[in-house]
Amino acid sequence: MQVKNKMLKQIYKNKKADLAVVLLVFLVVLLTLSSLFLFLTNSRVDSSSVDVSFLDGLLIREKKAEFYLDSFVEQAFVKTYAGFAANKKYMVNQKEKDGAVFFTDVLDDSKLNSKFKGEFDLNYKVLSQEREKQLSTEIGEDNLDNLKDYEISLGDKGAKIRFKNLVFYERQSSERDSGLIHAPPSEYVTDFNISVNFNGLGLHSFKEIYNAKEECKVKQGSEEKEKCFKEKLFNFNVEIIDKASQDYYLVSLSSKRLFLINNELKPVSFDFAQSL
């Protein structure tokens with residue numbers, strides 16, 4: 001009787017294991033089919049039939065193009081951000097005293113978005129002209145005009161850039177009586193949505209910098225102020241220069257990460273003054 005119970009338990013365990021394997025296989029198949037469905041519904045493929053090699057070719061081409069465009073957009077974004085920092089374009093009520101610049105607020109979201117987009121457009125255009133050959137190779141010559149038509153929005157965490165109606169071509173193969181032949185290239189149309197995150201780049205938003213300025217001004221002494229800034233703006237190196245005899249102190253911020261800006265590897269820097 002005891003042996004029979006052991007056998008029954010073993011059979012029960014084996015069935016549970018088989019069921020787990022079947023369930024796992026089912027989930028993998030379901031995930032694969034879901035991914036394929038999303039790819040076909042979110043993109044626009046001009047073809048009456050789709051084969052596996054065609055999809056593989058398109059996916060590889062798309063991911064390579066997206067990877068390059070992501071890096072390209074990041075450079076234009078950082079150059080725009082660095083220009084805002086150096087030229088203090090984010091400041092409201094800017095005042096100068098003995099070469100030190102004071103400010104009381106940052107641009108509101110609407111004005112900052114509009115101003116940043118204008119600067120980004122200029123930097124993006126210059127980079128596009130400088131690297132037109134690379135863009136043509138990596139993204140496709142047919143997309144050069146489409147790359148000029150994009151939407152950008154700046155938020156507290158970063159920016160979102162959307163490129164619409166990018167076109168890729170890939171050949172589908174079909175078998176005929178005489179063997180394998182290639183049909184004309186099929187057209188694949190899609191959108192790229194690229195996100196650039198301040199913290200992901202090793203930076204901070206202009207609002208974060210302003211908030212740190214306001215929160216740290218109540219701290220006593222240069223060391224406490226510097227400690228406060230370092231806690232709030234952890235991506236930056238911080239230096240506080242006390243000008244107590246003149247009733248203010250200087251704040252110098254520089255990103256820990258170096259960026260390629262105008263063919264030169266350097267940090268992004270901010271500097272401003274705060275009244276005591």
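1. Leaving aside its neighbours within four places in sequence, which residues is N123 in contact with? In this predicted model, local features need pLDDT of at least 70 and side-chain atom pairs count only at pLDDT 80 or more, while totals for chains, interfaces and linings use all residues. Residues are numbered from 1 along each chain as its sequence is written, and side-chain values use heavy atoms, with hydrogens and water left out. With contact taken as heavy atoms within 4.5 Å, N123 touches A76, K79 and T80 once those sequence neighbours are set aside.

2. N123 belongs to helix α3, where helices (H or I, at least four residues) and strands (E, at least two) are DSSP runs numbered from the N terminus. Its relative accessibility is 14%, so N123 counts as buried; buried means under 20% relative accessible area, exposed over 50% and partly exposed in between, with a 1.4 Å probe and protein chains only. The side chains of N123 and T80 are joined by a polar contact of 2.9 Å. Such a contact is a pair of N or O atoms within 3.5 Å; within protein, one must be able to donate a hydrogen and the other to accept it, and residues adjacent in sequence count only if both atoms are side-chain atoms.

3. The largest nonpolar core holds 61 residues, and those with the most contacts inside it are L69, Y81, F163, F229, L253, V268 and F270. Helix α2 (residues 52-87) supplies the largest share of this core, 12 residues. A nonpolar core here is a set of buried Ala, Val, Leu, Ile, Met, Phe, Trp, Tyr and Cys residues joined through side-chain atoms within 4.5 Å. Beyond its neighbours within four places in sequence, F163 has contacts that include L69, V73, Y124 and F192.

4. Across the whole structure, a search finds 23 aromatic pairs. Rings of Phe, Tyr and Trp (its six-membered ring) pair if their centres lie within 6.5 Å, and planes under 30 degrees apart count as stacked, over 60 as edge-to-face and the rest as tilted. F72 and Y124 form an edge-to-face pair, 5.5 Å centre to centre with 80 degrees between the planes. Because F72 lies in helix α2 and Y124 in helix α3 (residues 109-130), the pair ties together parts that are 52 residues apart in sequence, and both F72 and Y124 are buried.

5. The rings of F84 and F206 have centres 5.7 Å apart and planes at 35 degrees, so this pair is tilted. As F84 lies in helix α2 and F206 in helix α6 (residues 206-216), the pair ties together parts that are 122 residues apart in sequence. F84 and F206 are both buried.

6. K213 deserves a check on two counts. K213 lies over the face of F103, at 4.8 Å from the ring centre, the criterion being NZ of Lys or CZ of Arg within 6 Å of the ring centre and within 35 degrees of the ring normal. The side chain of K213 also makes a polar contact of 2.8 Å with that of Q274, a residue of strand β15 (residues 269-275). Q274 has 8% relative accessibility and therefore counts as buried.

7. One disulfide, defined as a pair of cysteine sulfur atoms within 2.5 Å, is found in the whole structure. C216 and C228 form this link, with their sulfur atoms 2.1 Å apart, and at -80 degrees about the S-S bond the link is left-handed. C216 lies in helix α6 and C228 in helix α7 (residues 221-232), so the pair ties together parts that are 12 residues apart in sequence.
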